[in-house]
Structure formats: C-alpha cells, structure tokens
Amino acid sequence: MNVRENWRIVLLVVFVLGSAVALFAPVTGGADDGGITNLQYGIQLDGGTSIQAPAVGITAEDVNVTFERENALAANVTESLSADPADVRVSAATKTVEVFTKNVTHDQLRDALVAEGYQPGTVRDGVTSETRERMVKVIRDKITESALSGGSVSRLNAIEGNLISITAPDRDREELQSLLNERGIVRVYAVHPDENGSFVPSQVLGQDEFGRIGTAQEREVADGTEAFVPVTINDDVAERFQQEMTEYGFNQDRNCGYDRSQITNVSAVDDYCLVTTLNGEIVFSGGVDGDLGRSFASGGFATDPSFRMTTGENMTQAKDLEISLRAGRLPAPLDFENANYQELEPALGQQFRTDSLITGIMAVLAVSGMIFLRYQDVRVALPMIVTAMSEVFVLLGFVALVQYPLNLSHIAGFIAVIGTGADDLIIIADEILQREEIATDRVFQNRFRKAFWVIGAAAATTIIAMSPLTVLGLGDLSGFAIITIVGVLIGVLVTRPAYGNFLRRLVLDE
C-alpha cells in the first residue's frame, strides 16, 4: 500500500493500535477493577461506596481579632494547645478560631483565647461553613486526581449534621476511606546547624507555596530506580527560599548522611539534609547536588525555581505526594468513627454490561445486513462496517486512557456517535457511488469534498449544540455531551476520511 496516497487509512490504523494499548495495557498508579480491559464503570453500572462524615474540629465564635493579629493569634493558640500549625485556623473575616483535632476540649480552647485577651461568645463542635466548602473542593480534586472521576462530593445541610457526603464508583469502603484519611499536608525542612553548632530543622516550604506540579515518574539511578515528582515553586516564594537555603549552608554540594528509612522524626537528623514530609511521615531525606547548590549561591534558582521531590524507590508515595500537591491540603480530617457508610449496588444490575455487549453485537449484525442489502457489494459494505466499528473502538480507547467511568449517559453518547457515524458513511458512499462512473482521481476528490462538507457542517452543529452541556454542571448530561463531541471529532478527523480512501481505491481500481 502506498503510504503517501493512503495516509488516512494509516492514521486510522495508528489510532486503533493506540486504542488497543489504552484498553488492554497494564495500568500503573491508577484504578484497576481486575477486568480484562482498563475501562472504568460508574455507580450505575458497577456500584460503589457512599460515605457521609462530619469534619473533626471545634469552633470559637465572636472572637474579635483583627486581620493584623490573625497570624500571631494562630501561632500563640497553636503553642498553647501543643497543636500542629495546620490544625489551627484564625479568621478575622468570620471572627472565628477553629481547631481541627479531637485532642482539644472546649474549655482548653476558651482558656487559650482568654489568655491572649479574647473572650469568645460561644465554643461549639464542628467547623465553619467556609472550611466545609474548602473541604468539598479539596476532596473533589483528590478524587479526580486519583482516577476516581465520576464520584461526587457535596455538603449536607445543618439539619443533617453538617456532614460531607462522598460517593465514588467501583471502590469499597476501605479504599475510599484510605484516600480520604490523608490530609495531604506537605512540608519541606532544611536541617542545618544553629549558632551553637547543633543541627535543627527549619521549615522552608509549605503546602501552598508550590506552583506547577508535574506527574510522578521513575528514573534509572546508579543503584536502581528513583521515584520523584517534578515541581516548581511560586515566583513570590523563590527568592526567599533561595536566600534561606544559602543562609543555612546549602549553597554547595551537601550529602545527607540519612535516608528516610533511618529516621522517624525530623528532629533526630544531625546532618545537612532536606527532609520532605507528607502528613507527618518522612517521604524523602537527601542532600543538595552541586548544580542546585550553585544555583542557590549565584541567584539563578530564583529565575528557574524548579527541582525534583524524590521518594526513593516508592512510586506509591510519589503518586500520593503528587495528588496531595495538586489537590491541596484538606483543612480538617473527617470523623470516620461517626460516619455513615453505604455500599451501593449497580442500579442496573451486574448483568447489564453483558446484556449491553450482546445487544451491541446484534445491532452491528443488523446494521451490517441492511448496508449490504442497500449496496449489494461486500467491497462497499465491509469497509463501512469496519470503519464504523473502528470509530467505536477508538472512542473506547479514549475513555480508557482518561479513566472516564462509564454510566448510562456515556452509553447514550456512544449510541449517538454510532448513529451519526453510520449516516455520514452512507452520505459519502451515496455521493460517490450513486451517480455516473468516476474516471479520474480529480472527479473522486470533488465528490468526496462535497460529501465531506455536508458531514463537516453537521458535525460542527452537533459540537456547538453539545458544548454548553459540558460546562454547565448538569450531571449525567455533561458525560453524554463529552462522549458525543469526542466521538464526532474522531469521526470527522480520522474515520470518515479513512473510509473515503477505501472507496477511492475501489472506484479507481475499477
């Protein structure tokens, strides 16, 4: 086959092979339902888990703190309660102080505020509305980043106990709870000698100071493999970070004498080390290589504030680190001891997927028979059927690649794509075959372009009509619109042109 003349067919073959890889190749770092394909299914087709849990915390209200005193009050309350800084939030806008831990009582929080000169109006269980809204956003991002797209997160009202409701497809209680248990608190410490020569840890980067987050990766190193997440810190932080690293003595090649398996607490390190913790657990400890140290010394780091956060050989921790950095810190932990759990069965039963497959095969046979009866030529009908099925296969490959869980709305999108695809292929065949014979390639191209303008205009109309549904947050309608748009684009850009090449070879050979 002449590749130059049949490049559209070659492109279709490339897309089909790529879709096969996406559908059947082993998945690393993502969800896996143990099936023969990488397709994921939503609540309607595969069930899942629903958790309704309150946030852990207590809130002091009517605390008349000013904006200038927010940070100072948060630091003093943290020290007074022996809490983690991430577990105390002071807001002058809402006049509240929140503590996100079970280890602090109402009286302890009230006493800590009184000692700072503030008299709270009330101290109650629970967190503020703003904190719950932030939790909903972070949990939704964590679910999306963890290949659990198709789940839902919402905040239930006060009558229902200010619960946060999380529903995820194709996951059991333990898997979902394990994901939600992680606060996603990332901190980077520089361990350096103080004025007395004793090594002390100083936090140099926090959760909100990272800008661009890369994808967790692995690379070959001298003694095996190394998992890492490429990161870029915010420009407004880069110069301060560079100055601190220079001040602490990291402006040269520094080798850390500890790996993370040797230490359980940052305070135990007594060497020049950079230590990264995730939810308080050390995931990396290491030194600074010469190139990075010299960039601190020269000031070059501030113009390109990028580096790798490594986790040794642990790719799972690297993926968790990536998720936490992308999704952000969960403001408060969820109280799973007082949570409501519900295992969700598939709304249509486990047999529905098998029945759908059988129905699809029967539909293919029926359509194939009608196409053959119309054209009475297997050389016309067979490429049309193969092209239409290739379009569906490529669309399935796209769904598997992006880990988009299939529900009824998506299946409806597939049906719409199959219908429009068959119509368009018939339009092409009729325009080319149902008129006088074609003697030259020029005549063929003119007829094909005429047919393609018709189907191109129809595709544009479909995309324009469906586009608003993808961004309006209309639940299942968004999934239907996305599948339909992607399917139409695959058809117009790949499968319809390839079918034109099949017909070109047929009519010109004759």
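## The disulfide

A search of the whole structure, which is a predicted model, turns up one disulfide. The term is used here for a pair of cysteine sulfur atoms within 2.5 Å. A disulfide is a covalent bond between the sulfur atoms of two cysteines.

The two partners are cysteine 256 and cysteine 273, with sulfur atoms 1.9 Å apart. The link of cysteine 256 and cysteine 273 is right-handed, with 85 degrees about the S-S bond. Cysteine 273 belongs to strand S13 (273-278), while cysteine 256 sits in the loop between helix H7 (235-247) and strand S13, so the pair ties together parts 17 residues apart in sequence.

Are these cysteines buried or exposed? Cysteine 256 is buried, at a relative accessible area of 18%, and cysteine 273 is buried at 0%. Buried means under 20% relative accessible area, exposed means over 50%, and partly exposed lies in between (1.4 Å probe, protein chains only).

## The chain as a whole

The chain has 14 helices and 16 strands. Both are DSSP runs numbered from the N terminus: helices are H or I with at least four residues, strands are E with at least two.

Of its 510 residues, 46% count as buried. The chain exposes about 25300 Å², and carbon and sulfur atoms supply 53% of that area. Accessible areas come from the Shrake-Rupley method with a 1.4 Å probe; for residues, only the protein chains shown count as cover.

## Basis of the values

Residues are numbered from 1 along each chain as its sequence is written, and side-chain values use heavy atoms, leaving out hydrogens and water. In this predicted model, local features need pLDDT of at least 70 and side-chain atom pairs count only at pLDDT 80 or more, whereas totals for chains, interfaces and linings use all residues.
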